[in-house]
Amino acid sequence: MMLLSISSSVFEPGFFSSAPVHVALIVGAVVSVVSGVVGTFTVVRGQSFAGHSLADIGTAGGSAAYLIGITPLYGFLAMNLMAAGVMELIGIRRPRGRDLATGIVLGAALGLAALFLYLDTTSSSTTGATVNVLFGSIFTLPPGMVPVIAVLSLVAVGFMLVLYRPLILSSLSPDLAAARGVSVRPIGIGFLVALAIAVSLSAITIGAILSTALLIGPAAIALRLTKRTGHAIVTAAIVGIAATWLGILLAYDSYYWMPSNRAWPVSFIVVTLIFVFYLVVDLAVGRRARPRRSPMVPETG
Amino acid sequence: MFSPFMINAWEACTIIAIVAGVVGFFTVLRGSAFAAHALPNGAFAGAAAASLIGANAILGLGVFSLLGAFAIANLSRRARHDVATALAIVAMLGLGSLFLSMTTEYAPEIYSLLFGEVLGIGTNELLPAALIGAVCIAAILFLYRPLMLSSITPDTAEARGIKSHRMELAFLIVIALATTMAVPVVGTLLIFSLLISPAAAARSFTNKPATAMGLSVAFALGMVWLAIALSYTTNLPIGFYVGVLGAVTYAVGRGRAGWRPNRTVSPNQSEPTAPVDALIGPSR
């Protein structure tokens, strides 16, 4: 009896029978797994900026898609793959030039986003386009998107599995990898493609903010807890799923928290969960932390 | 184009371009592009909070961009810098989405906060912009030598007693101030273009820091003025032109660097090559 009352106060009425919640839980888990796999390498390779930028860059594609009336996901995907190509072309490989290359592409893409969003808001009455594209919501996802998302996730994870061994080596020590005959550049390009797919996927389903949070947060937490790449990937995926599901539950419940009966945004709740979890892990593990890094990106080579 | 209601726009953008050119030089030199993106973007939450409680947007932007600067500086003492920046930006954006959900702000207003609203600048906004801009430039001049040293050779700087994390925090605060000043005019997303592109292009033309800084300011001014003119004549958003002109400026710089046969092209090798002592003077 007590269990029942606890569970009914934790899971507000209708949580398990709501279709949007089902879709959100499934998509949240799928995106968390993909983000965990790709995110671990993103953190190890020091490409967080690229990972975050792609989420923003995708908005240019998403808003263009709104404009010509196709599914935003394809806009995100096309734009991100193109952007990843340009970043690679103008020098994402060099540690120091990397941030700059990313920044230049990001700046240009944001300019395009400014144009497309402007045209979106002036050409149609869908003023929600700006907010939708930039902030997204896991609850407004049409169920028809789930198969597409599943397929793309498989492609991204498949990419990572194929690249797995050489990617670990070339991420941890590019020089050693090159000496052993690993072709570092194609591996880097392959990773960037997987990153572009993963970020498009997460940005369109859960919004650009959550995309970065899920890509970097769980992976950063996992890498504080373990040094083994394989373990870190699994940990990151689990942390991601936990944060997303808990976030969805709390966002659903939050509808009843305030007298105004307005739900809190799920993005905010998930981001906060991840951030707090990171701080807790950081404090707990902090004492036996690895040597402090200098604020600059270390030069390799 | 130069009618009275446009004069404020020209003046405000000129101030912003000068500050962005100077601050941007160090942003590119230090490889702080991510922070230069994160602080304005995260400050967005501050503007949303300010509109929620009915405060001045500048106040909200200032508080949040400074918070962001401290968060990045503190988190990055125990984690990789890019990870710390990513965590700080998502935390701030998360707060922003919470504040946004509470307000009844219209989408066009959000849009202008993100991408800038040049036409709506009042004369009363010029003075704060000029003041904050002056503070930024004064701070950069004051910190010039230690900042230069810790940007180029952090180890040498440490050996001379310049704490690199303190320099980092100081520089992040300068970016935060520049953000606060620029966001109401050019938007959270496009101050970033102004910080990165002109300075990156300038470095392709010269190895001398002072010349590069001057060129960077010149490019920023050119970009902004052209953007206003184009935006005015075509009636399209200024953010679009700033973003695209930024990429063009950078491409011109890269083309120029590649065209000169006796120089290495890669941006990571175009550090000033003069001996450090010649650059920053003898140690005190």
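Visitor: Why are α2(B) and α4(B) called roughly parallel to each other?
Guide: Helix α2 (residues 33-53) of chain B and helix α4 (residues 81-102) of chain B have axes that cross at roughly 20° and come within 8 Å. Angles under 35 degrees count as roughly parallel (over 145 is roughly antiparallel, 65 to 115 roughly perpendicular, the rest oblique), so α2(B) and α4(B) are roughly parallel. The axes are lines fitted to C-alpha atoms, for helices over the stretch in contact, with angles from 0 to 180 degrees between N-to-C directions.

Visitor: Before we go on, what am I looking at?
Guide: This is a predicted model, in which local features need pLDDT of at least 70 and side-chain atom pairs count only at pLDDT 80 or more, while totals for chains, interfaces and linings use all residues. Residues are numbered from 1 along each chain as its sequence is written, and chains are lettered from A and ligands numbered from 1 in the order in which they are written.

Visitor: In which hand does α2(B) pass α4(B)?
Guide: The crossing is left-handed, the term for a near helix turned anticlockwise from the far one by less than a right angle (clockwise is right-handed). Residues making this contact include B:F34 and B:L52 of α2(B) and B:D82 and B:M102 of α4(B). Two residues are in contact if their C-beta atoms, placed from the backbone, lie within 7 Å.

Visitor: What makes A:I204 count as buried?
Guide: A:I204 has 31 C-beta neighbours inside 10 Å, so A:I204 is buried. You will find A:I204 in helix α9 of chain A. Across the 301 residues of chain A, buried ones make up 51%.

Visitor: How many helices and strands does chain A have?
Guide: Chain A has eleven helices and zero strands. Helices (H or I, at least four residues) and strands (E, at least two) are DSSP runs, numbered from the N terminus.

Visitor: How many residues of chain A are in contact with chain B?
Guide: 53 residues of chain A are in contact with 54 of chain B. α5(A) gives the largest share of the chain A side, 18 residues. That side divides into 28 nonpolar, 19 polar and six charged residues. Here Ala, Val, Leu, Ile, Met, Phe, Trp, Tyr, Cys and Pro count as nonpolar, Asp, Glu, Lys and Arg as charged, and the others, Gly among them, as polar.

Methods:
Buried ≥ 20, exposed ≤ 12 C-beta atoms within 10 Å, placed from the backbone.
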